[in-house]
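Please take a moment to look over the sequence and the model before reading on. The paragraphs below lead from a sheet to a helix and then to the core.

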Amino acid sequence: MVEKIKNIVVFVKDIKAARRFYREQLGLPAGQETEYMMEFLPGEGTALGVSLAMHDAAQKLVGRHTGITFTVKGLEELYARLTREGVRFTEPLEKSPWGKMAVVADPDGNEFALVEM
């Protein structure tokens, strides 16, 4: 019987650039790591896996909207810092009655929503 989702994996072509983006720029807590895969947000429920796309099927999944949303504290500050660092946003920071949102892309073009409520 299925109990829960262990992790969700995003595929990348440049693992070194991905490491810098997820660990240093987004500041995600890191877990296990090999030369081909990294885990972030361990122990927070569902972890995020970032894996080198080594097969044709995985390479087809690089550079798309992932459907993953991160909850962020201080989104305006994070948005400003990432923008200064040259990180690409596919949707700019917007404020609405329910909160704030922006869509960021990793170096391989995988997109994530950043939300502050």
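In what order do the four strands of the open sheet stand? In this predicted model, the order is S1-S4-S3-S2, and the pairing of the strands is mixed. The edges are taken by S1 and by strand S2 (30-33), each of which has a single partner strand, so one side of each is left without a neighbour in the sheet. On average, and with direction ignored, neighbouring strands of this sheet are turned by 25° against each other. At one end of that order, S2 and S3 pair in the antiparallel sense over two bridges, and here Ala 30 stands opposite Phe 40 in S3.

Turning to helix H1 (15-25), one finds that its buried residues are Ile 15, Ala 18, Phe 21, Tyr 22 and Gln 25. Seen down the axis of H1, these buried residues fall within an arc of 165°, so they line one face of the helix, whereas Lys 16 and Glu 24, on the other side, are exposed. The cover over the buried residues of H1 includes S1, S3, S4, H3, S7 and S8. At the start of H1, a side-chain oxygen of Asp 14 reaches to within 3.2 Å of the backbone nitrogen of Lys 16, and just after the helix Gly 27 takes a positive phi of about 75°.

The largest nonpolar core has 27 residues, and Tyr 22 and Phe 70 are among those with the most contacts inside it. H1, strand S5 (65-71) and helix H3 (75-84) are among the elements that each supply at least two residues of this core. Leaving aside its neighbours within four places in sequence, Phe 70 is in contact with residues including Leu 28, Leu 48 and Leu 114.

Note on methods
Residues numbered from 1 in each chain as written. Predicted model: local features only at pLDDT ≥ 70, side-chain atom pairs only at ≥ 80, totals over all residues. Heavy atoms only, no water. Core = buried A, V, L, I, M, F, W, Y, C linked by side-chain atoms within 4.5 Å. Buried < 20%, exposed > 50% of the residue type's maximum accessible area, 1.4 Å probe, protein only. Contact = heavy atoms within 4.5 Å. Arc of directions from axis to C-beta. Polar contact = N/O pair within 3.5 Å; in protein donor to acceptor, adjacent residues only side chain to side chain. Pairing = 2+ DSSP bridges. Axes fitted to C-alpha atoms, helices over the stretch in contact; angles between N-to-C directions.
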